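I opened my notebook today to look up a few things about packing and pairing in this structure. Here is what I went through, entry by entry.

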Amino acid sequence: MTTTPLDVRSTSPANDAPHWIVTAAQRANLAGADALRIAKGQPDAAVWESAARILGMSAQELTAALATSMHMRAADMRAADRQTRRLVPERLARRYKVFPLSETDRSVVIATSDPYDLNAEQDIAFASGRRVMFELATPQQIEEAIAAAYSPDRAVETLLLSAPSAAEEDVRVIADDSPEEITGREVETGPVIRLANLIIATAVRQRASDIHMEPGPQMATIRFRIDGVLRHHMDVPVGVINRIISRIKVLAKLDIADRMRPQDGRTRVQVDNLAVDLRVSTIPTRESEKAVIRLLRPDAARSLEEIGVPAAELSRFRAMIGHRDGIVIVTGPTGSGKTTTMYAAIREIADGTVNVMTVEDPIEYELVGITQMQAEPKRGVTFPTALRAILRQDPDVIFVGEIRDLETAEVAVQASLTGHLVLATLHTNDAVGAVSRLADFGIDRTALAETLRGCIAQRLVRKVCPHCAQQVGDVLTPKEANLFERFGTRPVVRAIGCDKCGSTGYNGRLPIDEVVTFTPAIAELVAYGAPSSALQRAASAAGMRSLREV
């Protein structure tokens, strides 16, 4: 960064001269500058606020105008280099209300709201051993930067003051059946705890599935994934996000001293009498640590009707899970609702007359009347070992959280061949793709033809918010016209946006499903190694509607 140095000794105004802001404003020919009067002895913040009000300018506009007239640069506080802080102790930054921005071998660039402060220049030059070069910033900008850089707790307090009071309710942390309640006393003495609770509570109330905490050079961004789309929630200083992530790591029983390795953990909290599991993942980044928190509501499992599976696909799906043996697979990318659909099917199957057992990583929903196992590779409990153990527990229905490798696929096929109904998830692009994926693992196609009862490919689409949706008239927007041209379907309602949907126009999601029932004709094609295109045609002939057709 380059800047023009200001020689305060040669241009410092005399004691009876007008305030430097007045002189600079007149030199810049700002409207109203001639009427600007500033009494001596006022604090810098009051001077800047008064000058901006009289001149009818924002603080940023005033900074740019004054800097230009004085042949200085307006400071870019976002580009400040954290390493430069070592040259300017906190006591000097607070005493002279300055903030270090960058450095070279010979100079240090300092943001100031008073470029004529000779004492500040001399003391900073002595402390840093560098030539001081000033850039102009408002007192408020400097105060916020100092608070964020040198005292993150003060920045946390500032964020909490601007938070809605409705979000200040307790978040109870539940771990090992011993609830840890965040009490009022802890809130008063723990601003970081309070802010972390606020973020979690707000995410839960806004139906977020994930919280992303992403550090940057100076500021960090917190975003919520709602209805499959990331939404910006707030920006906080990096020093604050580091403390929030440390608090989350404490809850998840992770090592807060180790910031150089990825870590995973989990905990449970209670918000508004709703239990929510938190799956915490942290990774090291160039600037700091990034954390992603998955929010899982154990009581969120619903029936197949409640999750909105289309009627035609629902009847075919129920026919599949009505078998006493075989394999039923739900496919789709991460976040497509595969596990939610499987849990809804399990709720329907588990009527008290069958033994339903699951092996998952992690257990996302807790269901009454079934046995759920958590895969723990560190303890030797993998999907294959857990499945083999389950087979000795007299199961009727087995749910495999995900088929990830040949060994798991082999055990699943073996279980289906010995009179068990196996439900599983898999990552493929479409329903018939499950055949080629299992064959790629090494499963014999003849075994697949014998065991597969059906496959479902699923996606989630956002629902238009019912509170603000508008009927589409004769005139389409360019985006609507493009969709109509591509898919041949004219939109009925238009997403607008309101407070209830976060101004997005969408509220909630619905599944769309591509259901393939493995008829004898399709099973024969599988056994003979037919390509996916042939399977797709046979499935369509048997009544399958593709994802686009649904």
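**Cores.** I started with the largest nonpolar core of this predicted model. It has 47 residues, and Trp20, Ile21, Leu66 and Phe99 touch the most other members. I then asked which residues Leu66 touches, leaving aside those up to four places away in sequence. I found Trp20, Ile21, Ala24, Ala25, Trp48 and Leu136. I also noted a second, separate core of 43 residues, with Ala386, Leu452, Ala457 and Ala523 among them.

**A helix pair.** Next I looked up how helix α10 (residues 191-205) packs with helix α11 (residues 238-251). I read an angle of about 80°, with the axes 9 Å apart. Angles from 65 to 115 degrees count as roughly perpendicular, so α10 is roughly perpendicular to α11. On the α10 side, I listed Val192, Ile193, Leu195, Ala196, Ile199 and Ile200 in the contact. From α11 come Val240, Arg243, Ile244, Arg247 and Ile248. Sorting this contact by class, I got nine nonpolar, no polar and two charged residues.

My last stop was strand β9 (residues 263-271). Which of its side chains are buried? Gln263, Gly265, Thr267, Val269 and Val271 point to one face and are buried. I then followed β9 to strand β10 (residues 274-284), which runs antiparallel to β9 and is joined to it by nine bridges. For Gln270, I found Ala275 of β10 as the bridge partner. The two strands form a hairpin with two residues between them, and I noted that Asp272 in the turn has a positive phi of about 50°.

Definitions and conventions
Residues numbered from 1 in each chain as written. Predicted model: local features only at pLDDT ≥ 70, side-chain atom pairs only at ≥ 80, totals over all residues. Heavy atoms only, no water. Buried < 20%, exposed > 50% of the residue type's maximum accessible area, 1.4 Å probe, protein only. Helix = DSSP H or I, 4+ residues; strand = E, 2+ residues; numbered from the N terminus. Pairing = 2+ DSSP bridges. Axes fitted to C-alpha atoms, helices over the stretch in contact; angles between N-to-C directions. Parallel < 35°, antiparallel > 145°, perpendicular 65-115°, else oblique. Contact = heavy atoms within 4.5 Å. Nonpolar A, V, L, I, M, F, W, Y, C, P; charged D, E, K, R; others polar. Core = buried A, V, L, I, M, F, W, Y, C linked by side-chain atoms within 4.5 Å.
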